[in-house]
Amino acid sequence: MSVIKHSGEVVRLGANTVYVKMTVNSACSGCHAKAVCGVDESEEKIVEVENVNVGDYNIGDKVEVALQSGSMGTKAVVLTYVVPFFVLTIMLIAALALGLSEGAAVLIALGGIAAYYMLLYAMRGKIKNTIKFIIIKQTK
């Protein structure tokens, strides 16, 4: 099983949680034409790594955060992209089939997406327990 790793820096320590700031670059960040294209994306994210011996880390430590790319990565993609696409599509088709105007159908479909993301947010604790990160301290 392959592992996805990102380098980062410890920015905060909790009771049993290490907070790591990572700069995540899009796939085109290394492209020589990114300045002309305008699609270059680079953003900072803070990841919570739980169930860690916090005493092994200090603020400012360079670390790697890893996520096994098997089922956990797939689950994240399905929950954030695939399911919302189908919710939007099904609600839009159903609203149009009921004879509603296109504007009303779009509003209903967007409402369905909003409801889905609220449900996802409400279930974040349960989902968080299924997607686990591991932390690896980098040696100098």
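**Chatting through a predicted model**

Visitor: Let's start with E9. What is its relative accessible area?
Guide: For E9 the value is 27%, so this residue counts as partly exposed. Keep in mind that this is a predicted model.

Visitor: Noted. Which residue forms a salt bridge with E9?
Guide: The partner is K62, and the closest N and O atoms of the two are 3.2 Å apart. K62 belongs to strand β4 (residues 62-68) and E9 to strand β1 (residues 3-13), so the pair, 53 residues apart, links distant parts of the chain.

Visitor: And what about K62, how does it count by accessibility?
Guide: K62 counts as partly exposed too, because its relative accessibility is 44%, between the 20% and 50% cut-offs.

Visitor: Okay, zooming out. In what order do the elements run?
Guide: Starting at the N terminus, the order is β-β-α-β-β-α-α-α-β. That makes four helices and five strands.

Visitor: What share of the chain's residues count as buried?
Guide: Of 140 residues, 22%. The chain exposes about 9500 Å², and 63% of that area is supplied by carbon and sulfur atoms. As for contacts between residues at least 6 apart in sequence, 69% join residues at least 24 apart.

Visitor: Which residues make up the largest nonpolar core?
Guide: There are 12: V10, V18, V20, M22, V47, V49, V52, V54, Y57, V63, V65 and I135. Strands β2 (17-25), β3 (42-50) and β4 each give two or more residues to this core. The largest share, three residues, comes from β2. As a general rule, nonpolar side chains in soluble globular proteins tend to be buried together.

Visitor: Pick V65. What is it in contact with?
Guide: Apart from neighbours within four places in sequence, V65 contacts I4, K5, H6, V20, M22, V47, V49, F133 and I134.

Visitor: H6 is on that list. How far apart in space are T23 and H6?
Guide: They are 8.3 Å apart, C-alpha to C-alpha, and 17 residues apart in sequence. T23 is found in strand β2, and T23 counts as partly exposed, at 41% relative accessibility.

Visitor: New topic: helix α3. What does it reach from its first C-alpha to its last?
Guide: Helix α3 (residues 102-122) has 21 residues and reaches 30 Å, close to the 30 Å expected at 1.5 Å a residue.

Visitor: Which residues of α3 are buried?
Guide: A105, A109, G112, I113, Y116 and L120. They lie on the same side of α3, because they cover an arc of only 95° around the axis. An α-helix has 3.6 residues a turn, so residues three or four places apart point the same way.

Visitor: And which residues are exposed on the other side of α3?
Guide: Those are L107, M118, Y121 and A122.

Key: Residues are numbered from 1 along each chain as its sequence is written. This is a predicted model: local features need pLDDT of at least 70, side-chain atom pairs count only at pLDDT 80 or more; totals for chains, interfaces and linings use all residues. Side-chain values use heavy atoms; hydrogens and water are left out. A salt bridge is a side-chain nitrogen of Lys or Arg within 4 Å of a carboxyl oxygen of Asp or Glu. Buried means under 20% relative accessible area, exposed over 50%, partly exposed in between (1.4 Å probe, protein chains only). The expected span of a helix is 1.5 Å times one less than its number of residues. The arc is that of the directions from the helix axis to the C-beta atoms. Contact means heavy atoms within 4.5 Å. Accessible areas come from the Shrake-Rupley method with a 1.4 Å probe; for residues, only the protein chains shown count as cover. A nonpolar core is a set of buried Ala, Val, Leu, Ile, Met, Phe, Trp, Tyr and Cys residues joined through side-chain atoms within 4.5 Å.
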